Amino acid sequence: MIESLIHDPRVLWPDTLSVAKDGYLYFTANQLHRQARYHQGKDLRQKPYSLFRTRIDAQPVALLPK
């Protein structure tokens, strides 16, 4: 099943997702689609760059070596 966890206009190209022990999903909004390479050399990214979190009541996944 696929469902939206959040909807916010500040969440621009979410990246680097991490589930922490506190039950939150943390992620950055890197604005990749606003880089100069996609807009004839004009950088449209806007500061401040953001780190978001939303409660998902989950725990981190432990990746074990094979």
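User: Let's start with the side chain of Q31: which residue has its backbone nitrogen 2.8 Å from a polar atom there?

Analyst: Happy to begin there, keeping in mind that this is a predicted model. A polar atom of the Q31 side chain has a backbone nitrogen 2.8 Å away. That nitrogen belongs to Q46.

User: Where does Q31 lie, and which residues is it in contact with, leaving aside neighbours within four places in sequence?

Analyst: Q31 lies in the loop between strand 2 and strand 3. With neighbours within four places in sequence left aside, its contacts are L12, W13, L44, R45, Q46 and Y49.

User: Good. How many aromatic pairs does the structure hold, and what is the geometry of Y24 and Y26?

Analyst: There are two aromatic pairs in the structure. In the pair of Y24 and Y26, the ring centres are 6.2 Å apart and the planes stand at 55°. Planes under 30 degrees apart would count as stacked and over 60 as edge-to-face, so this pair is tilted.

User: What is the relative accessibility of each of those two tyrosines?

Analyst: Y24 is buried, with a relative accessible area of 16%. Y26 counts as partly exposed, because its relative accessibility is 23%.

User: Which residue lies over the face of Y24?

Analyst: The residue in question sits 3.9 Å from the ring centre of Y24. It is R53.

User: And F27 with F52: what kind of aromatic pair do they form, and how far apart in sequence are the parts it ties together?

Analyst: The centres of F27 and F52 are 5.4 Å apart with 20° between the planes, and the pair is stacked. F27 counts as buried at 5% relative accessibility, and F52 does too at 12%. Since F27 belongs to strand 2 (residues 24-29) and F52 to strand 3 (residues 50-55), the parts tied together are 25 residues apart in sequence.

User: Which residues make up the largest nonpolar core, and which strand gives the largest share?

Analyst: The largest nonpolar core has five residues: V11, L25, F27, A29 and F52. Not counting residues up to four places away in sequence, V11 touches I6, F27, A29 and F52. Three residues of the core, its largest share, come from strand 2.

Definitions and conventions:
Residues are numbered from 1 along each chain as its sequence is written. This is a predicted model: local features need pLDDT of at least 70, side-chain atom pairs count only at pLDDT 80 or more; totals for chains, interfaces and linings use all residues. Side-chain values use heavy atoms; hydrogens and water are left out. Rings of Phe, Tyr and Trp (its six-membered ring) pair if their centres lie within 6.5 Å; planes under 30 degrees apart count as stacked, over 60 as edge-to-face and the rest as tilted. Buried means under 20% relative accessible area, exposed over 50%, partly exposed in between (1.4 Å probe, protein chains only). Helices (H or I, at least four residues) and strands (E, at least two) are DSSP runs, numbered from the N terminus. A charge sits over a ring if NZ of Lys or CZ of Arg is within 6 Å of the ring centre and within 35 degrees of the ring normal. A polar contact is a pair of N or O atoms within 3.5 Å; within protein, one must be able to donate a hydrogen and the other to accept it, and residues adjacent in sequence count only if both atoms are side-chain atoms. Contact means heavy atoms within 4.5 Å. A nonpolar core is a set of buried Ala, Val, Leu, Ile, Met, Phe, Trp, Tyr and Cys residues joined through side-chain atoms within 4.5 Å.
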